[in-house]
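Subject: Structure handover

Hello,

Here is the structure for your files. My notes on it follow below.

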Amino acid sequence: MSRRSSKMKRVLSRLFKERQIYHRSDGVVHFISMSAKTQIALAVVVLAAAVWVAYSSVNVVFKEQIIVAKERERLVMQTNLSKRLHEAQKAYDDVNYLNNTIEREFDETMDDIWSRHRMLANMVERKAGIDQLLDTQADGLSAAGGPNGQKPTNGNRIMIDIAPGEPTPRQSRMSVLRKEAAAEAAIDKQKAAEDGLAAGAIESMEEAAADLYLEQLLLLASVEEKTAKEIDEFRRVIDSTGVSPDALITPAKISNIVLAQGGPFINPTNDDGEPVKFFQHANRTAALIDELNAVESTLNHLPLSSPLTVARRYTSGFGIRRDPINGRHSSHYGIDFAAPWASPVTATAAGVVKFAGTRSGFGRVVEIDHGNGFVTRYAHMSRITVKARQKVNLHDKVGELGSSGRSTGPHVHYEIMFKKRPINPRRFIEAGRYVFES
Ligand SMILES: [Zn+2]
């Protein structure tokens, strides 16, 4: 037994000593003896009763106040709860707004990128198509060689010799473009910063979009530059024939071009702070690609080849010469090539057969209309293999070499007429070499 409980036991036994209660009635004295245990039990009962009474009284007296207090507490809790709900709702709305804003910005940005991409792809594809046609023609002319059939001697284009140096180095033009594009991208970033809540997310997206914009702009600029360079080269080649390229190439109309390529024509003057450089370049590049297309078509119909692709000998030039039959001086309106009998005589460019038959002096002769005022003539043939109104392409066979008409031996007499006036075919064959000897 611990010391503590034995102490308690001592206190209890002092408090509740065995007591006797005396009671007198009708002269008789009674007494009731109360043990300590009974006293403790009684005391507990009395105490419990007292506590219950106290509790009941307090409960009755303060019930009203307790109810009021509880009600107040409930109201406070309710208010807090609705406040939190409101906060949660606001947070949800904010996130929702953020999501919507980012989603909208993302969609708009993606639309922009995609529309530029489609435009770029369109142009690159169209240019590749034109380049392929030019390459095919180049290969054909290269195979035919120079007036005497000379084949290319080296891998470099002779064009380099007649092309002037570029006025502006390419690198500095690119850095100018880079600066311009960066300035435009900055406008977009400012707009994003004003949006506040969504700013951070949108800013990083705008940064990525700005990088892509720059790449697209540079790609476009390089297509533009290459196209302009090609046009320049081919115009110089046409110029070297003695016929002005302006007389042959119809300038393209800007407003029709982008539309013709399936893209919208964007008016760069409608500037509301959106990046417009791309569309300015897109319009210009589209115009250039259209011009390259016109140049290709012009070149395709320009007689830049010789009428023989087999081994031959250039025997007589254009101009005044001693007539081989009567020995008198006379004008020779074409050039002559000697080659074995029945060698194939071929068209020097695409066109339509205008005449196939016999003409006085020329013997069996074919004339081809190439458009743009150009007609070529192939004379003294032994056999004709095309009919009038037949369409021909470069190096299609029109007949076989012979000596019909006013001729002293097997050769082909070849003429080019521009607007019904004979011009020197040799300049055209040389021009063909300039472009295509590669
Ligand atoms: Zn001749």
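Valine 412 is buried, because 27 other C-beta atoms lie within 10 Å. The cut-offs: a residue is buried with 20 or more other C-beta atoms within 10 Å of its own, exposed with 12 or fewer, and partly exposed in between, with C-beta atoms placed from the backbone. Valine 412 sits in strand β13 (residues 411-418). Helices (H or I, at least four residues) and strands (E, at least two) are DSSP runs, numbered from the N terminus.

Leaving out residues up to four places away in sequence, valine 412 touches Pro307, Leu308, Phe337, Val345, Tyr378, Ala379, His380, Met381 and Leu401. Contact here means that two C-beta atoms, placed from the backbone, lie within 7 Å. Tyrosine 378 is 34 residues from valine 412 along the chain, yet their C-alpha atoms are 6.5 Å apart.

Two points on provenance. This is a predicted model: local features need pLDDT of at least 70, side-chain atom pairs count only at pLDDT 80 or more, and totals for chains, interfaces and linings use all residues. Residues are numbered from 1 along each chain as its sequence is written.

Histidine 380 is not a glycine, but its phi is positive, near 70°. Histidine 380 belongs to strand β10 (residues 374-384). It counts as buried because it has 26 C-beta neighbours inside 10 Å. Arginine 389 also has a positive phi, about 70°, without being a glycine. Arginine 389 lies in the loop between β10 and β11 (391-392). It counts as exposed because it has 10 C-beta neighbours inside 10 Å.

Now the chain overall. The protein chain holds nine helices and 14 strands. Of its 438 residues, 26% are buried. Take the contacts between residues at least 6 apart in sequence: 70% of them join residues at least 24 apart.

On to helix packing. Helix α2 (residues 36-144) packs against α8 at an angle of about 20°, with the axes 10 Å apart. Therefore α2 is roughly parallel to α8. Angles under 35 degrees count as roughly parallel, over 145 as roughly antiparallel, 65 to 115 as roughly perpendicular and the rest as oblique. Axes are lines fitted to C-alpha atoms, for helices over the stretch in contact, and angles run from 0 to 180 degrees between N-to-C directions.

The crossing of α2 and α8 is left-handed (the near helix is turned anticlockwise from the far one by less than a right angle; clockwise would be right-handed). From α2, the residues in this contact include Arg116, Met119, Met123 and Arg126. Among their counterparts in α8 are Phe278, Ala282, Thr285 and Ala286. By class, the α2 and α8 contact has 11 nonpolar, four polar and four charged residues. Ala, Val, Leu, Ile, Met, Phe, Trp, Tyr, Cys and Pro count as nonpolar, Asp, Glu, Lys and Arg as charged, and the others, Gly among them, as polar.

Helix α5 (residues 199-239) packs with helix α8 (residues 277-300) at about 30°, and their axes are 9 Å apart. So α5 is roughly parallel to α8. This crossing of α5 and α8 is left-handed. The contact of α5 with α8 has 15 nonpolar, five polar and six charged residues.

Last, the hairpin. β1 runs antiparallel to strand β2 (residues 28-34), joined by seven bridges. Strands pair if DSSP finds at least two bridges between them. Arginine 24 has valine 29 in β2 as its bridge partner. Two residues lie between the strands, and aspartate 26 in this hairpin has a positive phi near 50°.

Best wishes
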